[in-house]
Amino acid sequence: MDLKISASVLNSDMSQLGNEVRRVELAGVHMLHLDVMDGVFVKSITFGDYIQSSLRPHTNLIFDTHLMVNEPTRLIPLFVKAGSDIITIHIESECLPLDTLRLIRSFGIKAGLCIKPNTPAQAVFPFLKEADMILIMTVEPGMGGQEFMTDMLPKIRAIRQEIVRQGLNTDIEVDGGINQKTAQLAQQAGANILVAGSYLFNEGDMGKAVRQLTVDN
Ligand code: DX5
Ligand code: ZN
């Protein structure tokens with residue numbers, strides 16, 4: 001599977017969001033990772049469907065919406081309207097994962113299922129057929145700039161093994177603490193989409209940072 005980079009704008013200059021999105025697109029990333037936080041599921045509040053919708057005309061990047069919200073179901077139609085190509089819900093949120101994944105797919109877009117560090121790999125196994133992507137958190141959700149938890153690598157491997165065992169080709173996205181070194185580890189463990197936030201925005205030459213993440217090792 002080809003490796004893809006999904007740029008998180010959480011640690012960008014949000015007062016210049018349109019320009020920041022154009023910058024990541026020019027740097028050669030494939031997807032835009034939009035971290036939606038509701039102040040309940042995680043402490044902070046970021047942005048919602050209005051801001052996502054205002055970004056839509058400024059880029060052709062795939063909108064990869066990560067809903068860190070307690071009640072994702074009622075928000076799904078709003079984010080579909082705001083241009084999401086993939087909507088990812090948390091298995092730990094207050095929803096029925098199966099119904100919610102089916103609801104997302106019913107809009108003709110991709111459905112993702114996310115698990116936090118303390119949730120075991122096995123929790124997602126019953127839902128693999130209903131998900132286009134499994135998002136594995138490698139930090140506690142809530143903020144950017146944290147350190148990659150290497151003890152999540154066996155979880156990535158276990159989920160990739162189960163995907164193969166079930167004869168599926170579900171994407172595995174990894175989110176949190178991705179840099180040149182952890183990108184390799186995550187990829188070797190079976191991830192094929194990497195979310196990168198602070199690593200891209202802290203590097204002066206973002207194009208170089210993207211190449212460093214995608215270089216074959
Ligand atoms: C954390 C978010 C991540 C975060 C990644 O709650 O879901 O997407 O922005 O940022 P870095 O790459 O800085 O860990
Ligand atoms: Zn995220």
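Arginine 105, for instance, has 30% relative accessibility and so counts as partly exposed.

Before going further, some housekeeping. This is a predicted model, where local features need pLDDT of at least 70 and side-chain atom pairs count only at pLDDT 80 or more, while totals for chains, interfaces and linings use all residues. Residues are numbered from 1 along each chain as its sequence is written, chains are lettered from A and ligands numbered from 1 in the order in which they are written, and side-chain values use heavy atoms, with hydrogens and water left out.

Now for the big picture. A closed barrel of 8 strands runs E1-E2-E3-E4-E5-E6-E7-E8, with parallel pairing. Neighbouring strands of this sheet are turned by 25° against each other on average, direction ignored. The strands and helices here are DSSP runs numbered from the N terminus (E, at least two residues, for strands; H or I, at least four, for helices), and two strands pair if DSSP finds at least two bridges between them. Angles run from 0 to 180 degrees between N-to-C directions, with axes being lines fitted to C-alpha atoms, for helices over the stretch in contact.

Let's step in at strand E1, residues 4-8, where 4 of the 5 residues are buried. On one side E1 pairs with strand E2 (residues 31-37) in the parallel sense through 3 bridges, and serine 8 has histidine 33 of E2 as its bridge partner. To get from E1 to E2 the chain passes through helix H1 (residues 17-26), and this β-α-β crossover is right-handed. That handedness means that, with the strands pointing away from the viewer, the path from the first strand over the helix to the second runs clockwise. E1 also pairs with strand E8 (residues 193-196), again in parallel, over 4 bridges; there, isoleucine 5 is partnered with leucine 194.

E7 pairs in parallel with E8 over 3 bridges and with E6 over 5 bridges.

Helix H5 (residues 153-165) deserves a stop of its own. Its 13 residues reach 18 Å from first C-alpha to last, close to the 18 Å expected at 1.5 Å a residue; that expected span is 1.5 Å times one less than the number of residues. Among the buried residues of H5 are Leu153, Ile156, Ile159 and Ile163. The buried residues pack against strands E5 (110-115), E6 (133-137) and E7 (171-175) and helix H6 (180-189), where contact means heavy atoms within 4.5 Å. Just after the helix, glycine 167 takes a positive phi of about 70°.

Arginine 165 meets glutamate 162 at 2.9 Å, N to O, and the two lie 3 residues apart, about one turn of the helix. An α-helix has 3.6 residues a turn, so residues three or four places apart point the same way. Arginine 165 is exposed at 62%, whereas glutamate 162 is buried at 10%.

The whole structure has 6 salt bridges. Another one joins aspartate 132 and arginine 105 at 3.1 Å, N to O. Aspartate 132 sits in the loop between E5 and E6 and arginine 105 in helix H4 (residues 97-106), so the pair ties together parts 27 residues apart in sequence. H4 itself lies across strand E4 (86-90) and E5, at about 145° to E5.

Methods: Buried < 20%, exposed > 50% of the residue type's maximum accessible area, 1.4 Å probe, protein only. Salt bridge = Lys/Arg side-chain N within 4 Å of Asp/Glu carboxyl O.
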